[in-house]
Amino acid sequence: MYYLYLYKKYLLFTLLFIGLIGFSQERKSTTKKWLDTVSIPGLRCNAYLNKAHEYYELRDFPVFKVYNDSTLLVAQYYNLKEVQVKALINLGIYYDIVDEYENSLSLYHKALTVCDSLPEKEKTKISILVNIGNVYNNIGSYQKAIKAMEEVLVLSELYNVSGISKVAAYNILSNAYSKLGEEEKAIDYLMKMKNLGEKLQNHEIVLTALDNIANAYYKQGKYDEVIKTETAAAQYSNAHQPGNKRAITMLNLGMAYVKKKNAQKAIQYLSEALEIATAQNDKEVQKVCHLHLGRAYELKGEYQKSLKEQEMYAHLSESSLKDIAAAGKLDVKYEAGQEKKIIENQLETAASSNRNKEKLIIGSGTAIVFLGGMLFFFIRKKRKVEKERLRFKQNFDILFDENKALKTKMKELAEKYRERNEEVQKTIKRGPQYKNSSLTQQDRKRYMNGILDHMEKEKPYLDFDISQSDLATKLKMSTHHLSEVLNFCFEQNFYNFINIYRVNEAQKLMRDIRYKDYKVLAIGYEAGFKSKTSFNRVFKNHTGLTPSQFRKENNFEDA
């Protein structure tokens, strides 16, 4: 969803930077003081780090970067490895803030490499892993984030690390599980984070927990609760951090007022959030502000302003998607490098043993088998896509009859499948697909009508990150029953079902004179698609035309 993982970033950066400072203080109290062996260069680096911390607190991230760049140069020249790690982590944090994930991951991987040569490296490794987990969430590698955070919690217990690292791990785990649709686990970790924040008397932790709880209410459609929670967060912030307004709190309030159709208040809060995010160079928050400002101006009927906000959103989205892809490639490259080192060591050992050579040959054979399997998988997937395309083509007359509402079309499609299934079962005496189902035919019909009503009134497909569990929760039914109804009534899986509505929405917008100046990509985002690639692929599979071709055939050239 547009709002979910944004809230997970700010707490992490503050926690980890403070955590680093705290770690430095702990080391001063030990008998062997790592930096005490360094005279002026070490003092200079500490002074730079302290200044960087000051500017971080002021949210002046460009100056924060400059001081860490200077620290890294001095530390590398004098071979101050612990200081190098600190500077590398802080620079990784900077690039994560400005959404340059490839640079961020690269710096964290370098920090891990330098960390291997440090005494008491486990504590430093925890700081690096937490930051890497945050990047994994930002680029959509949620299972990797969970794995990294589970390691952080184990190491935190083993080496008695401060509660700050645990809070950061809880924060990342909450985000990852929420993205995977496991909301109960996500809420559980949020509560752990909030409770630990209160115990530590850390206001930033408490405020971020409140932001994330408000986010959970937003997902549930409880917009009054969002406003209540974030109003309390703003009051708490004024009491404990006067003058320090939070972009995320303002953004939450703005989004809630958009949902409540209060355009004036929505624009007020979203504009304030955008101003703060721009000053902090936070592109991700800026992007979401533009998206919801576009919707708020549309509510007011100010379509030119809405168009401008949509264009800004589309521009920032394209930039963000490119960087996410680059970061994913870099992470795979790093893992491949690690695997290469392991293989090189194995080959070195194999050179002294014929038996090991044989193992290497077997390994090569396994690789060939694996590649063959991948080729088979690719061919099978290609056939499946083609089969889906043909099936949509067969249903084209029903789904894309312009004279009927989509709800009516879907009911007609369901009736068509029901009649066909009855004929098939009579012919081959096949039992029902869901043998353990507790649903009767009447139950399925009732659920089907509820789903279609919800899709028509609430338009959940406009949320590009909607999951099957999200929809099931809103419909107050189990994911299993939702899957069964979609499959039995429409012969669709969840994502194909959602995409039917998105394509229909995109077609309506491209026929609407009010959207004639919108770019095709902006139409796709408005209809709920996550990227240009998915919009083009799904739209063509459903209609046989690209979005641009469809628009031209409907008298509007691609803007």
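**Group meeting: helices and aromatic rings in a predicted model**

Good morning. I begin with S548, which is placed in helix α25, spanning residues 547-553. Please bear in mind that this is a predicted model. Is S548 buried, partly exposed or exposed? Its relative accessibility is 24%, so S548 counts as partly exposed, the cut-off for buried being under 20%. The C-alpha atom of S548 is 8.9 Å from that of N536, and the two residues stand 12 positions apart along the chain.

Let me now turn to the chain as a whole. It contains 25 helices and 0 strands. Of its 559 residues, 50% are buried. Among contacts with a separation of 6 or more, 68% are between residues 24 or more positions apart.

I come next to one pair of helices. Two packed helices are described by the angle between their axes and by the distance between those axes. For helix α7, residues 142-158, and helix α8, residues 163-179, the axes come within 9 Å and cross at roughly 155°. Angles over 145 degrees count as roughly antiparallel, and α7 and α8 are therefore roughly antiparallel to each other. Their crossing is left-handed. Which residues of α7 and α8 make the contact? On the α7 side they include Y142, I146, M149, L153 and E157. On the α8 side, among them are K166, Y170, L173, Y177 and K179.

The aromatic residues are my next topic. How many aromatic pairs does the structure hold? There are 19 aromatic pairs. One of the pairs is formed by Y55 and Y67: the ring centres lie 5.8 Å apart and the planes are at 15°, so this pair is stacked, given that planes under 30 degrees apart count as stacked. The pair links distant parts of the chain, with Y55 in helix α2, residues 40-57, and Y67 in helix α3, residues 61-77; the two are 12 residues apart. Y55 is partly exposed, at a relative accessible area of 24%, and Y67 is also partly exposed, at 22%.

Elsewhere, ring pairs join Y461, F490, F497 and Y501 into a cluster.

Finally, I consider arginine side chains placed over rings. R444 lies over the face of F488, 4.0 Å from the ring centre. What sits over the ring of Y447? The charged end of R446 does, at 4.9 Å from the centre of that ring.

Thank you for your attention.

Key. Residues numbered from 1 in each chain as written. Predicted model: local features only at pLDDT ≥ 70, side-chain atom pairs only at ≥ 80, totals over all residues. Heavy atoms only, no water. Phe/Tyr/Trp six-rings, centres within 6.5 Å; stacked < 30°, edge-to-face > 60°. Helix = DSSP H or I, 4+ residues; strand = E, 2+ residues; numbered from the N terminus. Buried < 20%, exposed > 50% of the residue type's maximum accessible area, 1.4 Å probe, protein only. Lys NZ or Arg CZ within 6 Å of the ring centre and 35° of its normal. Axes fitted to C-alpha atoms, helices over the stretch in contact; angles between N-to-C directions. Parallel < 35°, antiparallel > 145°, perpendicular 65-115°, else oblique. Left-handed = near helix turned anticlockwise from the far one by under 90°. Contact = heavy atoms within 4.5 Å.
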